[in-house]
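Please have the sequence and the 3D view open while reading.

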Amino acid sequence: MSGEICPLAAFRAGDRGLVQPGAPEHPAFQRLLAMGLLPGSEVAVIQVAPLGDPIEIEFGGLRLSLRKSDAAAVQVLRLG
Amino acid sequence: MSKDKTRRVRIALVGNPNTGKTTLFNRLTGARQKIGNYPGVTVEKKSGPWESGGRAFTLVDLPGTYSLAASSPDERVALDFLAGHLDGEEKPDAVVCVVDASNVVRNLFLASQVADLGLPMVIALNMADAADRAGITIDPTLLSRCLGVPVVRMVATKGEGIDALGHAVAQAVDHGALMAQVPWPEAVDRAVKYLAAGLEKEGASLLAPGELRRILFDPRSAVLERAGWPAGSDPAPLLGAARDVLSAAGWHPLSAEALLRYEHLGHLTAAAVSFPEKRRRSPTERLDTVLTHRVWGLAVFVLMMFVVFQSIYRWAGPFMEAIEAVVAHVGELVAPWLAPWPALQSLVVDGVVGGVGGVIIFLPQILILFFFIALLEDTGYMARGAFLMDKMFGWCGLNGKSFVPMLSSYACAIPGVLAARTIEDPRARLTTILASPLMSCSARLPVYTLMIGAFIEPSFGAGLAGGMLFAMHVVGLAVAIPVAWTVNKFVLHTRPQPFLLEMPPYRLPRLRDIFWRMWERAREFLVRAGTVIVAMTIVIWALVYFPRPADVRERVTADLSVLNDNSAIDRAVDAAYLEQSYLARAGRALQPVFDPAGFDWKITVGVLASFPAREVIISTLGTIYGVGHDADEDSDDLRSALTRDFWTHGPRAGHPVFTVPVALAVMVFFALCLQCGATVAVMAKEAGWRWALFGFAYMTALAWLGAVLTFQLGTLWLEWSS
């Protein structure tokens, strides 16, 4: 549902969202920040691995494989 | 700036992963690299001389990282090196930051952190051709003016821009151009000053503002330790207070740095870098719809892995046989020259030549496997394979990249353990190295063949024999998964790293780079592990050869002279010498330990003698049973000799030594043990002797337990069924 705030781990393939402010002290989040996943930037889930985990995300032209346990640290606002 | 003529100018090479940094390093230093480890960590250290435009530099290749936050050992080594905090390493004179021309802003994040440490810098704008194709236009001159440091457009794989880079580095060293600083808000400066005062009060050494910012921004900064923060004192109150200064000004302490740097870099690059209006759907995206598809992706992966496995399991075979033949031939050539000195002859032929042969025998598998690994990595497919497989391995402390090492270990653990280098996370790498040797390698096959051929197939038929062979290949994997989980849970105490893996665009690999990687790994194996393997072989040789009293030969020859068969007498003499060797004495002394597994002293000696290579147990049993050391696993003489052997004393006197439970116990023991000196040597070189010995100890314990259980349960079953 558009406008809902949820962890990135809850996204399905094709979902897009905006990274929410706040910076949890989570090693994955700190690394994602360095890679440019800034609060306010857009992130999309490209696909989910065949066994259900990890997920492939894209932001700022970068594609990353990310485990759901790490993706749980990122709060996103779902876009339409 | 140091202008000391006696010392070479030191240049550090930094950059994100997947920027072609290693290719550039290889281009610049050629074959004169030194490879080692940084002290105390398993982070690879590579350096080499680089001459350009009459100047001589020493180039140090730092691990590829996205930031200097020092949350992983790689980042920490990079930060410590650049800040001059690494023991025995001087601060570099200048830094070359390799930047992917298609992702300038994201790549410059690291450059901007490095610049914060006050180091002169040159930006190598690499893979410029790929950026051109994607429609990204960059004006290097303008970018250079905006950033304040030289920017060199490069295509390292084609050698483009190499000379210009050398020129720019020489300039950076002489003039010390620094990259434009982030205009830190007043709150950051105030927090840094507060930190500096707090550190001074605790007696810690004075740090540059750039290092203080690292302490401020990173959740657990390694810089604090390096500054000499007293061990007993808790830095949390000071850090909390400094970060409160940021919070009060509206900055979240843990995201402030990323936001400020990215904003700054966005401004700096805006004029010089422009992107196409409409983003094209890249070939990578089209390929990925197939290669990471839940059905087709898995199918392609299985097919690729099948080819990789076949290549090392079968295609390497002829090369290995050729090496064996050459080694045997060399032994035969040398032997006559040394005939007057039998001990020296045996040392040279069996110890030295055999030992060297035992090292180079691994080369075909290593070269072939690293050809495929380099191909998988350079094309970008490795990350896709890891994405597909991660779920299978992640829960027990491994990750998706453990697949190739584990699979390769089914052919041989040597290339398998070496392949674990592809795993960035040190914890997953170590777990993979410890679990890989449990995979049933091809050197275990002769043991299975002998035991199944002599004891299983005659009584139970070919069907069950085949099933048994399959079971022996599954048992290692079945044990490896819980072992990995246990090691990860209870033995390793380092922090687990998040598994973030960039899926780089697919690229056409260059053969030159692939061959370079194959050669590099092979050379490293020969130099670092080879020497240890030869030394081990010579030690075991000595234990088998000595003592050598002359009367043994005389006695056996006299006893058997009626036979009139010289080769039978020679075999009997060999058996008699082996029976009284130091190794056999050790075997007899150790036999009580293996008694619960049903092993007699001969099997125990076979186990000990097989340390240089598992398959040696066959030739050792061949010698002991007087059928000759050249007996192989298909030898009918050896098989029937085993079935006709009876206990001469003890509680089982009169009973056959080899029964079905004993044969099964021997197979289980060999399936689980680390009776392979070469693997131990490679593990020691990759992870340190402590972990190699840990691996040997836990696998030997598992093997013993498995053999005892197999023998005891098998014996119970025999009694119950008869």
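The second largest cavity holds about 70 Å³ of space. A cavity is a set of points on a 1 Å grid over the protein atoms alone where a 1.4 Å probe fits but cannot get out, and lining residues have an atom within 4 Å of a point. The volume is the space filled by probe spheres set on the points, which are joined across faces, edges and corners.

This is a predicted model, in which local features need pLDDT of at least 70 and side-chain atom pairs count only at pLDDT 80 or more, while totals for chains, interfaces and linings use all residues. Residues are numbered from 1 along each chain as its sequence is written, chains are lettered from A and ligands numbered from 1 in the order in which they are written, and side-chain values use heavy atoms, without hydrogens and water.

Among the residues lining the second largest cavity are B:R421, B:R521, B:F525 and B:K685. Helix α21 (511–545) of chain B gives the largest share of this lining, 5 residues. Helices are DSSP runs of H or I with at least four residues, and strands are runs of E with at least two, numbered from the N terminus.

The whole structure has 7 cavities of 30 Å³ or more. In the largest, the lining has 14 residues, with A:Q30 and B:D218 among those nearest its centre. Its largest share, 3 residues, comes from α1(A).

| Cavity | Volume | Lining residues by type |
|---|---|---|
| Largest cavity | about 130 Å³ | 8 nonpolar, 3 polar, 3 charged |
| Second largest cavity | about 70 Å³ | 4 nonpolar, no polar, 6 charged |

Turning to the strand, β6 (residues 121–126) of chain B has 6 of its 6 residues buried, where buried means under 20% relative accessible area (1.4 Å probe, protein chains only). B:M121, B:I123 and B:L125 lie on one side of β6(B), and B:V122, B:A124 and B:N126 on the other. In a regular strand the side chains alternate between the two faces of the sheet.

Strands pair if DSSP finds at least two bridges between them. β6(B) runs parallel to β5 (residues 94–100) of chain B, with 6 bridges, and parallel to β8 (residues 151–153) of chain B, with 3 bridges. B:I123 stands opposite B:C97 and has B:V151 as its bridge partner in β8(B).

Notes
Buried means under 20% relative accessible area, exposed over 50%, partly exposed in between (1.4 Å probe, protein chains only). On a 1 Å grid over the protein atoms alone, a cavity is a set of points where a 1.4 Å probe fits but cannot get out, and a pocket is an open set with protein on both sides within 12 Å along at least five of seven lines; lining residues have an atom within 4 Å of a point. Ala, Val, Leu, Ile, Met, Phe, Trp, Tyr, Cys and Pro count as nonpolar, Asp, Glu, Lys and Arg as charged, and the others, Gly among them, as polar.
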